[in-house]
Each structure stands twice: as C-alpha cells, then as structure tokens.
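Visitor: I am new to protein structures and would like a close look at how the inside of this one is packed. Please take me through it slowly.

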Amino acid sequence: MVDWRRGPALAVAAPLWLWGCAATVYPPRDVAEPAAVGILDHGRHTSLIVAVPEGMIRYSYGDWNWYALRRTGPIEGTGALLWPTKAGLGRRQLSGPFSPEAVSEQVRVAIEEAVYLTVERPALHRLVARLDGIFEQNRAAAVYNEPYDLWFVPHPVPYSLAHNSNGMVAAWLEQLGCRVEGTPLFAIWRLGRD
C-alpha cells in the first residue's frame with residue numbers, strides 16, 4: 001500500500017535525484033586556439049553542434065531502429081532499453097556563422113536547453129575528422145530522418161541505456177578536452193567553472 005504522506009518528501013527528493021543525474025561540463029582552461037561548440041538538450045536526447053570553417057555541423061547518436069529509422073514501437077523501445085542494439089550516427093551540415101541565434105534558427109528539432117562553450121580548435125578538428133570518417137565509411141547505408149533533420153549512418157559502438165546519446169556526447173566532450181562530472185543518463189547539462 002502506498003503511504004500518501006510521503007508525497008511531499010518525494011516531490012522534494014525527485015528534483016534532487018534528477019539534479020544528481022545531471023552532467024556538469026568543465027571546458028578546457030586557457031584555450032589558445034578557440035573553437036565554439038554547443039550541447040543541445042532535446043528533452044530525451046542530446047546532440048552536439050560544432051563550428052567549422054564551412055558553418056556548423058550537428059552530430060547525434062542513438063539506437064538505429066528507434067532514432068534513425070523512427071521505429072518507435074514497444075518492441076524497439078524495449079530492445080533499446082534492455083540490451084545493446086545497433087547504433088546510428090546522425091549528421092547535418094548547417095550554414096554559419098556559428099551563434100546561438102543561428103543554431104536556434106537552423107536546428108529543426110526542439111531545443112529545450114543549450115550550453116555553449118569554447119574548446120581547442122585542434123581537438124575539435126580531430127573529433128570532426130573521426131566522426132566524419134565514420135560517416136563516410138558508412139555513407140552507402142545513409143538514411144534521412146526528416147523529423148530530426150539528420151542523415152544517419154550505422155555507428156560501430158552499440159547503443160544501450162548505459163551508452164546512450166547523452167553518454168556519447170559526454171565522451172565527445174572529453175575528446176575535446178572537457179571534464180564531465182556526474183551521470184549524463186538524462187539530457188540535463190550544466191556548465192561548470194573551475
């Protein structure tokens with residue numbers, strides 16, 4: 001039986017628990033060659049948008065069936081939550097220049113929150129080269145997902161609840177020299193200051 005007197009305590013505890021599931025991102029200090037990136041919280045998932053000489057590129061990661069092919073039935077959802085599944089890398093080139101306003105205007109999926117930070121340009125070039133390499137290797141299998149406005153190709157790292165879009169974005173941020181603290185299980189991001 002439920003003890004309804006605990007409702008107020010649960011109402012207070014739930015936000016604290018979710019706050020504990022947030023990820024705090026500490027960008028690199030003393031950046032010599034600055035490059036801009038943005039963490040885009042879309043509610044359930046996260047994408048990363050980066051400044052490049054040609055404008056901006058948005059990258060995302062998720063379960064192939066659910067996220068890339070939009071097969072969102074209970075079987076696909078259960079599979080994506082319970083065991084590792086095929087993953088997809090989403091990519092979309094956008095025009096620049098990079099700015100929060102340009103991101104808001106050009107990213108067609110809703111953005112609940114955005115965190116912008118500066119990283120080292122050489123680290124960003126390495127990450128873009130790695131992600132674009134995965135994309136080019138799998139271009140023959142590319143599918144366009146109109147609601148997300150992304151092209152998806154298979155990604156070599158399987159998707160799982162413990163390794164979802166938020167966790168992948170955290171890994172990308174670490175490759176950019178950022179420190180990520182907390183659990184990026186949900187798309188809750190904070191910018192930390194050292």
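Guide: Let's begin with one word: two residues are in contact when heavy atoms of theirs lie within 4.5 Å. The model is predicted, so local features need pLDDT of at least 70 and side-chain atom pairs need 80 or more, while totals for chains, interfaces and linings use all residues. Residues are numbered from 1 along each chain as its sequence is written, and side-chain values use heavy atoms, without hydrogens or water.

Find Val50 to start. Apart from neighbours within four places in sequence, Val50 touches Ala36, Val37, Gly55, Met56, Ile57, Tyr59, Phe98, Leu124 and Val128. Val50 also belongs to the largest nonpolar core, which has 34 residues. Such a core is a set of buried Ala, Val, Leu, Ile, Met, Phe, Trp, Tyr and Cys residues joined through side-chain atoms within 4.5 Å. Buried means under 20% relative accessible area, exposed means over 50%, and partly exposed is in between, using a 1.4 Å probe and protein chains only. The members that touch the most other members are Ile39, Leu48, Val50, Trp172, Leu173, Leu176 and Trp189. Helix H5, residues 121–137, gives the largest share of this core, with 7 residues. Helices (H or I, at least four residues) and strands (E, at least two) are DSSP runs, numbered from the N terminus. Met56, one of the contacts of Val50, sits in a second, separate core of 16 residues, which also includes Leu40, Val103 and Val109.

Next come the aromatic rings. Rings of Phe, Tyr and Trp (its six-membered ring) pair if their centres lie within 6.5 Å; planes under 30 degrees apart are stacked, over 60 edge-to-face, and the rest tilted. There are 6 aromatic pairs by this rule. In one, the ring centres of Phe98 and Tyr116 are 6.0 Å apart and the planes meet at 80°, so this pair is edge-to-face. Phe98 lies in the loop between strand E5 (85–94) and helix H4 (100–106), whereas Tyr116 is in strand E6 (residues 113–120), so the pair links distant parts of the chain, 18 residues apart. Tyr116 is partly exposed, at 26% relative accessible area. Tyr144 and Trp151 make a tilted pair, with centres 5.2 Å apart and planes at 45°. Tyr144 is partly exposed at 32%, and Trp151 is partly exposed at 37%. Tyr67, Tyr148 and Phe152 form one aromatic cluster.

Charges meet rings here too. A charge sits over a ring if NZ of Lys or CZ of Arg is within 6 Å of the ring centre and within 35 degrees of the ring normal. Arg91 has its charged end over the ring of Phe135, 5.8 Å from the centre, and Arg179 lies over the face of Tyr26, 4.0 Å from the ring centre.

Finally, look at strand E5. Of its 10 residues, 7 are buried, so E5 is mostly covered. Two strands pair if DSSP finds at least two bridges between them. E5 pairs antiparallel with strand E4 (residues 55–63) over 8 bridges, and there Asp63 stands opposite Ala87. E5 is also joined by 6 bridges to strand E8 (residues 150–159), again antiparallel, with Gly88 opposite Pro154.
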